[in-house]
Amino acid sequence: MYGFEIERPTSVADAVAALGADEAQALGGGQTLIPTLKQRLAMPSKLVALSGIAELRYVRREGDVLKIGGGTTHGTVAREAAGNFPGLAALAAKIGDPAVRNRGTIGGSLANNDPSACYPAAALACGATIVTNSREIAADDYFQGMFTTALEEGEIVTEVRFPIPEKAAYTKFEQPASRFALVGVFVAKYADGVRVAVTGASNDGVFRWSAAEEALSGSFSADAVAGLAAPDGSDMISDLHGSGAYRAHLVGVMTKRAVVAAG
Amino acid sequence: MPKDNGIGASTKRREDVRFLTGTGNYTDDINLYGQAYVHFLRSDVAHGRINGIDTAAAEAMPGVLRIFTGADFEALGGLPCGWQVTDRFGQPMKEPKHPVLAHGKVRHVGDPICAVVAETLDQARDAAEAIVLDIEELPAVVDMRKALEEGATLVHDDLTDNLCYDWGFVEENKEAVDEAIRNAAHVTTLELINNRLVPNPMEPRVAVGDFNAASGDSTLYTTSQNPHVIRLLMGAFVLGIPEHKLRVVAPDVGGGFGSKIYHYAEEALCTFAAKALRRPVKWTSTRSEAFMSDAHARDHVTKIELALDADHKFTAVRTSTLANMGAYLSTFAPSIPTWLHGTLMAGNYTTPLVYCNVRAVFTNTVPVDAYRGAGRPEATYQLERVIDKAARELGVDPIEIRRKNFVTEFPYQTPVAVEYDSGDFHRLMDKLEARADFAGFAARREESKKKGLLRGLGINCFIEACGIAPSNLVGQLGARAGLYESATVRVNATGGLVVMTGSHSHGQGHETVFPQVIAEMTGLDANMIEISHGDTANTPMGMGTYGSRSIAVGGSAMVRATEKIINKMKKIAAHLMEAAESDIELRDGTFSVAGTDKSVAWGDVTLAAYVPHNYPLEDIEPGLEETAFYDPANFTYPAGAYACEVEVDPETGRVTIARFTTADDFGNVMNPMIVDGQVHGGLAQGIGQALLENASYDENGQLLSASYMDYAMPRADDVPFFSVDHSNGTPCTHNPLGVKGCGEAGAIGSTPTVVNAVVDALQSGGYKVDHVDMPVTPSRVWAAMQG
Ligand SMILES: Cc1cc2nc3c(=O)[nH]c(=O)nc-3n(C[C@H](O)[C@H](O)[C@H](O)COP(=O)(O)OP(=O)(O)OC[C@H]3O[C@@H](n4cnc5c(N)ncnc54)[C@H](O)[C@@H]3O)c2cc1C
């Protein structure tokens, strides 16, 4: 770790102001950022901790939308979204271990956009809106490839709005070492159709699998996706945990299982 | 009947109180007045020529005390190798120099180049970043087969090739084995890889060097399984410090699994730097450094052939193995694929002819050395896999084919040098068959099928040579050390007893078990008995803990020293009671005269020894302190039979262990609860190797699995509830406690059990798969299923 200053603002406005400083960086739960700092892979001059900002921590339903504050931990989502959006709560409950879940935040996860992270699949499959201190961004515009998002420098994810689906489930096939998603699929069924988002599999990061969406919008059943070829053109990750062909295969299997789990 | 604290009692581990309440004293807990910190600048390329190291800017940075480079160690020794293997042609192995800091070349990612000592660790790290290295990258030698090709890049320029040795065993049997294989009714061949592992003890390595300018003495605090060995190796071979001027302390150690046997560069550096700077110097490994500087494990590429006659009796075994040494020879590296491996190739069977060829290879990777089981898991894995394959090829029951070939009479002289003193392999298999409920397997397979899963059953038998080792024998085999163990037993004036042992617990529970043995021998309450270990200043020269040797060798030394104490106390008691020494009995801590009601308490005798007013001074010395060195007459031979059931998800290739049952023969068992724990841990590590763990290098010599993000350690939910049994063992015939050792069995016996089960599952599903290399990851299983 290199030396840095730390500020602990208690409002979003103060945080945004603090992030105006040169080389300042937001600190959410630190579950990604702190290991990066320890390895001296990043050198921010100032960390702006978001954990003291009460207005960023909530899970609440408004009509058919579940709103989650950007500083809400995975553990809180796992508990508090369980009634309104069990598919999302179940996803949060399987991120990392209890220590990770009690610190890591939804805003940090979406800002980081790790290609193997779980939340991006939920946000994209639900067509969520990512709300920041300055604007609202549709999930379809937000994810721009691995570790890349539409966020500007110093922009803070303040809220994520999930339209609550009729049915939904996330199935994650764990990479054996990290237990991040080797392939994770979030399936969300809405009155106007089904959306399917895949994480872990592609060099382009989280993506929507349109062939599966079409098939499932016609008939929301495992049979509808059985034998469906894994997505074309999405450049599959190939590494020591699995070849691209294996991942492509798993996309199909996990989608089918997500449909079954969604009921 | 086991008392609550004698032999056979499941006494709770007394050391756990401090471990679980955060009051242990690990090396990193040691902070000395005026301590400075060292950070190692390590190579980030696998192979390169060092054309220049410019430390000028770094030396000028705040807090920097000194930057050491390879040049500082030129006049000193390199890190020594403790075992010399002689090759098939009678020539000694090649033994290239292993410098403390890289000199001339860097040979693996993680090879230390500079050691920056500064007032704080951050200052040392900052300065390391300011060092300018001029390293010309060379092609990396990674693949062992390519390393041996004509014209391959040399890891060591002063050698003619990358071959360390070409070893054959039993060389005189080579022709006979070839002939037996030619004439066999059936030959089963299997090519396999024993995957490279990173040991990953929970506590990373730490070293603190200290120098006392007044006395001229050096002290090294280090995370070691064998402080005396480190003292000898570092003092005599590297730094030139005689033992009486060097103290090595290994306090509480948080796991080792072999990786903390060896003498490492960082230990020598800290000791050397402390003397040079007149300041204590501390190094604490990060987990990332551990991945690239702790000795790795296994890494064999093997072809094994098993010859059978028409009656399915094994007639010969022939193996050919490439064993990775890494870039340098770690302390005991050459012995692992040879004497700890070839000598186990007979297994539990009467195979009369064995020939084992091992070529050890230098590559641009982290050095490889012993790790839980060390050579014996590699032997067991290939042998039990090939037997399983043979049974499938011949369509015979895997248990029957094993039973048919079991050694049944003991002692049994194997064709591979070792002589098994005791065992009962049929009884182990009987026990396994009953306990693993083979009868219910078909029904369980049906249940799995309903869930869409393929269920497989794997079985395995194994034997290991433990209780390492008879010194004269290992000396003939090339060891440059004796492998006895020592104990000093001191009884104080008021009756308390301290054992100073050369064994060193790094989690095993010596502080609980050793007192149980003494309690049994003396009748003392265990809380009157204390174990002292880990400090060369107050323990006799001992060889430490590995190779399942603590109770078998260290415990034997302790028994012998305690016997000497008891004999002396009987003399004193005889004097006090004016009786004949031969009539004195010790029972429940009281000395009495046989057939009378005369007795004298333990404490009266100990007090008399230290306040010798009424004492036979003309016959015996005052005081009660005795030392024994015990050198075992033979190895011990724990054996076992294991069964594993797996479920394979045919859609994803994921393997889940559903049941795991063991039947072990450890001889006599001192503390069944601790033995259970040792088996559990060994099984978890073996399952880790079988399903999860893999140190994977790319062709440039970069370690791909260099953190827990990519190196999969087994976790609690990767293993089932184990069903273990080690009752009614056959006692070892040549040590006083009849013990065989239990530390490595789980790791040795489990890998083939798991892989046999996976193959069984896949074949039951109609997949023509006869082998999947470890780790049997979902992607590999899936790929195998695709054909
Ligand atoms: C052992 C372990 C296991 C894990 N397993 C999983 C898993 O299975 N699945 C999974 O999805 N994730 C997993 N994670 C990652 C975890 O979910 C992290 O918490 C998450 O990726 C980052 O969230 P954070 O709040 O900790 O962000 P930090 O680490 O604090 O920050 C990460 C990045 O986001 C930025 N940032 C943080 N908060 C905000 C905000 N509100 N607005 C804008 N930018 C922000 C930071 O500046 C930084 O660049 C794991 C992590 C660990 C350590």
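Is B:Lys389 buried or exposed, and at what relative accessibility? I began my notes on this predicted model with that residue, and I found that B:Lys389 counts as buried, at 13% relative accessibility.

**Entry on a helix pair.** I then looked up the partner of B:Lys389 and found a salt bridge to the side chain of B:Glu393, with 3.6 Å from N to O. Both residues lie in helix α9 (residues 376–394) of chain B, 4 residues apart, about one turn of the helix, and B:Glu393 counts as partly exposed at 39% relative accessibility.

**Entry on other salt bridges.** My search of the whole structure gave 69 salt bridges over all chains. I noted that A:Arg179 pairs in this way with B:Asp718, their closest N and O atoms being 3.2 Å apart; A:Arg179 sits in a loop of chain A and B:Asp718 in a loop of chain B, so the pair joins two chains. I also noted B:Asp535 with B:Arg247, at 2.8 Å between the closest N and O atoms, a pair that ties together parts 288 residues apart in sequence. Of these two, B:Asp535 is buried, with a relative accessible area of 10%, whereas B:Arg247 is partly exposed at 31%.

**Entry on cysteines.** I counted 0 disulfides over all chains. For B:Cys114 the nearest cysteine sulfur, that of B:Cys270, is 15 Å away, and for B:Cys164 the nearest, that of B:Cys81, is 7.7 Å away.

Terms used. Residues are numbered from 1 along each chain as its sequence is written. Chains are lettered from A and ligands numbered from 1 in the order in which they are written. This is a predicted model: local features need pLDDT of at least 70, side-chain atom pairs count only at pLDDT 80 or more; totals for chains, interfaces and linings use all residues. Side-chain values use heavy atoms; hydrogens and water are left out. A disulfide is a pair of cysteine sulfur atoms within 2.5 Å. A salt bridge is a side-chain nitrogen of Lys or Arg within 4 Å of a carboxyl oxygen of Asp or Glu. Buried means under 20% relative accessible area, exposed over 50%, partly exposed in between (1.4 Å probe, protein chains only).
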